[in-house]
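Notebook open, structure on screen.

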Amino acid sequence: GRSNPTKSLKRAAHRLIVQANDARADQVVMLIDEFGRLTVDELTYLADLTNVLVEHRIRTTTVAFGSCEMDMLLSTLRLCGRPDLIGRFMSVLMPFHGVRSEQELAEVMNAYDNPEMAEFPPGSGWSFTRFFWPTAWSAGHRLADYHKQAWQAFAAVARNVKGFEIGAEYWSLAIEHVLTASMNFHIPTAPVSADLWDQAVEQSGFVHTL
């Protein structure tokens, strides 16, 4: 804001140096979300910050996340003649995708059944599915058994969109809705219907991503 940029930079660097020293570390990893919204000046500030850390023998690694704005930022840096910032922060671009097939959704749902992948509560040795469906779980029911219903519910909403993807926020909200809405302790069958999955997908807000 109104603070002197040089003083601000020194304060930020000092804080990171202290944290690194306290951890007896010679490397700082910066995780930056919404990276594509940063300006050239802000990226220059970050570059200056990493330079100060290097002077104190602390290496920095930047892992940035963003949407299609990342491509726009990359183009802007090229037009501005700032290959130094590209090399510093955008040397490798890796696309991340949401769930894109019924099989991928089945793998996600299978993780909810596997306590080695998603234990709940922590330290219990139980999976999410077992916690919400204890009696049905004992009878052999698993969340992944319903992956076809789940995929069909998402596909019905995206029926006019070719090659749609389901972001993590949306499939996780839908699964959470199904597990909590069908939670039981006495019924040996898991009451999961196609209508419940339709409701879960609607509640997730997935339609607004299309």
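This is a predicted model: local features need pLDDT of at least 70, side-chain atom pairs count only at pLDDT 80 or more; totals for chains, interfaces and linings use all residues.

Before counting charges I noted the rule: Lys and Arg are positive, Asp and Glu are negative, and His and the chain ends are left out. On that basis I have 18 positive and 24 negative charges in the protein, and their mean positions sit 10 Å apart.

Next, the secondary structure. I looked up 10 helices and 2 strands. Walking along the sequence, I read the pattern as α-β-α-β-α-α-α-α-α-α-α-α.

Then the overall dimensions. The C-alpha trace spans about 65 × 45 × 30 Å along its principal axes. I looked up the radius of gyration too: it is 23 Å, whereas a compact globule of 210 residues would come out near 17 Å.

How much of the protein is buried? I get 34% of the 210 residues.

Now the inside. The largest nonpolar core has 31 residues, and Met109, Trp133, Ile166, Trp171, Ile175 and Trp197 touch the most other members. Helices H5 (102–113), H8 (147–157), H9 (168–181) and H10 (194–204) each give this core at least two residues. Which helix supplies the largest share? H9 does, with 6 residues.

I also found another core, apart from that one, with 24 residues, including Leu16, Val28, Ile32 and Phe35.

Last, I clicked on Trp197. Leaving out residues up to four places away in sequence, its contacts include Met109, Leu143, Tyr146, Ile175 and Val192.

Conventions: Residues are numbered from 1 along each chain as its sequence is written. Side-chain values use heavy atoms; hydrogens and water are left out. Helices (H or I, at least four residues) and strands (E, at least two) are DSSP runs, numbered from the N terminus. The radius of gyration is taken over C-alpha atoms; the globule rule is 2.2 Å times the number of residues to the power 0.38. Buried means under 20% relative accessible area, exposed over 50%, partly exposed in between (1.4 Å probe, protein chains only). The place of a charge is taken as NZ of Lys, CZ of Arg, CG of Asp or CD of Glu. A nonpolar core is a set of buried Ala, Val, Leu, Ile, Met, Phe, Trp, Tyr and Cys residues joined through side-chain atoms within 4.5 Å. Contact means heavy atoms within 4.5 Å.
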